[in-house]
Amino acid sequence: MTMPTPPGDESSTPPAPQPPQPWAETPPPWSSHPAPPRPPRNGMGVTALVLGIIGIILGLAVILFWLSWLPALLALIFGIIGVSHARKGTATNKGMALGGVIMGSAGLLLSIGGGLLTVFFVNEANDTAEDRILQIEASAEAEDREAKKKEAAAAAARKLSFGEPFLFENGLKVTVHKPKPYAPDSFASGHAKGNKAIEVTVTVLNTNKVRMSLESGLPTAYDTEGADTEMIIDASDRLKFMNDFVLPGKQAVGRYAFSLPPTAATTAEVEFNPSLADLDGARWSGSL
C-alpha cells in the first residue's frame with residue numbers, strides 16, 4: 001500500500017527535467033556528474049578575419065601585391081573552415097569567418113590586379129626606355145652622318161685645281177699655281193737624270209690685320225701614282241723660299257722645284273699648309 005506524501009515534504013519528488021546543454025559531452029553510464037560544456041572553436045574565424053584585413057591592406061598598396069596574396073589566401077582557407085565549424089555548431093562566430101572569406105577573396109583579387117598593373121607599368125616603362133634609347137641612337141647616328149657629311153664637304157673643299165685660292169681658318173689665302181717645266185742647273189741636288197722637273201709657285205695673302213707666321217711654308221708634291229716627289233735644290237736664284245712672316249694685307253711668294261719620274265709625270269698634286277696648328281692642308285692638282 002502506498003503511503004501519501006506528507007505536505008511540505010518534497011524529498012521524494014523527482015527533479016524537473018533540465019534542458020540539454022550545448023557542446024556537452026554525453027557522460028559515461030558509470031559517471032554520476034555531467035561533463036563541463038566544450039568551448040566554441042572560434043579561432044579559425046578570428047584568424048581568417050585578421051588575415052583578411054592584412055591581405056586587403058597589403059593589396060591596396062599596389063607595390064606590395066606580392067605580399068598580399070599569402071595572407072589573403074590563408075584568410076580564405078581559414079574562413080571556409082570557420083564557417084564549416086559554425087554550421088556544425090562547434091563555433092559561434094560565423095560572421096567573422098564569413099568576413100574572413102570575403103576579405104580573403106578581395107585580397108586575392110587585389111593581389112592579382114596589383115600584379116597585372118605592375119606588369120603593365122613595367123612593360124610601359126620598358127617600352128618608353130627602349131623608345132628613348134632608339135631615339136638617342138637615331139639622333140647619334142644622324143649627328144654622326146651629319147658630321148661625316150661636314151668632314152666630306154670640308155675635305156672636298158680642300159681639293160682644288162691649280163690656280164684656285166683657298167682661305168684657311170687663320171685668315172691666310174693660299175694659291176698654288178699650275179706647275180711649269182724647270183731646268184735644274186748642274187749643281188742641283190734631288191733631281192735624277194731622266195726625271196721631269198717642275199716649278200711650283202705658291203702665293204700666300206694675309207687677310208688679317210696682324211702679322212701672321214708661316215710655320216710650315218714648304219709645299220709637298222706628289223706624282224701621278226700618288227708618291228712623294230723630291231724637292232730640287234740648286235744654286236740658281238729662280239727658286240725662292242717664303243719668309244717666316246707675312247705682313248697684314250701683304251702677299252708672300254715662294255717658288256719650289258720638284259723632280260718627277262718620267263713614267264708618272266702626266267699629272268701632279270701639291271699640298272700646302274701655312275700653319276702647323278691646322279693639321280689638314282689643302283691640295284691642288286691638275287695635268288702638267
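Biologist: At what angle do H2 and H3 pack?
Modeller: In this predicted model, H2 and H3 pack at an angle of about 155°, and their axes are 7 Å apart.

Biologist: So are those two roughly parallel or roughly antiparallel?
Modeller: Roughly antiparallel, because the angle is about 155° and angles over 145 degrees count that way.

Biologist: What kinds of residues make up the contact of H2 with H3?
Modeller: By class, there are 13 nonpolar, 11 polar and one charged. As for handedness, H2 passes H3 in a left-handed crossing.

Biologist: OK, on to H1. How is H1 packed against H2?
Modeller: H1 covers residues 43-60 and H2 covers residues 65-88. Their axes are 7 Å apart, at an angle of about 155°. That makes H1 roughly antiparallel to H2.

Biologist: Which residues of H1 and H2 meet there?
Modeller: On the H1 side they include Met44, Thr47, Leu51, Ile54 and Leu58, along with the glycines Gly45, Gly52, Gly55 and Gly59. Among the H2 residues they meet are Phe65, Leu67, Pro71, Phe78, Ile81 and His85.

Biologist: Which way does H1 run relative to H3, roughly parallel or roughly antiparallel?
Modeller: Roughly parallel. The axes of H1 and H3, which spans residues 94-157, come within 7 Å and cross at roughly 25°. Here too the crossing is left-handed, with H1 passing H3.

Biologist: What does H3 bring to that contact?
Modeller: H3 contributes Met96, Ala97, Gly99, Gly100, Met103, Gly104, Ala106, Gly107 and Leu110. From H1, the residues include Val46, Leu49, Ile53, Ile56 and Leu60.

Biologist: Changing topic: how much space is in the largest pocket?
Modeller: About 200 Å³. It is lined by 11 residues, and the closest to its centre are Ala154, Ala155, Arg158, Asp280 and Gly281.

Biologist: Which element gives the largest share of that lining?
Modeller: H3 does, with three residues.

Biologist: And what classes of residue line the largest pocket?
Modeller: Eight charged, two nonpolar and one polar.

Methods: Residues are numbered from 1 along each chain as its sequence is written. This is a predicted model: local features need pLDDT of at least 70, side-chain atom pairs count only at pLDDT 80 or more; totals for chains, interfaces and linings use all residues. Side-chain values use heavy atoms; hydrogens and water are left out. Axes are lines fitted to C-alpha atoms, for helices over the stretch in contact, and angles run from 0 to 180 degrees between N-to-C directions. Helices (H or I, at least four residues) and strands (E, at least two) are DSSP runs, numbered from the N terminus. Angles under 35 degrees count as roughly parallel, over 145 as roughly antiparallel, 65 to 115 as roughly perpendicular and the rest as oblique. A crossing is left-handed if the near helix is turned anticlockwise from the far one by less than a right angle, and right-handed if clockwise. Contact means heavy atoms within 4.5 Å. On a 1 Å grid over the protein atoms alone, a cavity is a set of points where a 1.4 Å probe fits but cannot get out, and a pocket is an open set with protein on both sides within 12 Å along at least five of seven lines; lining residues have an atom within 4 Å of a point. Grid points are joined across faces, edges and corners, and a volume is the space filled by probe spheres set on the points. Ala, Val, Leu, Ile, Met, Phe, Trp, Tyr, Cys and Pro count as nonpolar, Asp, Glu, Lys and Arg as charged, and the others, Gly among them, as polar.
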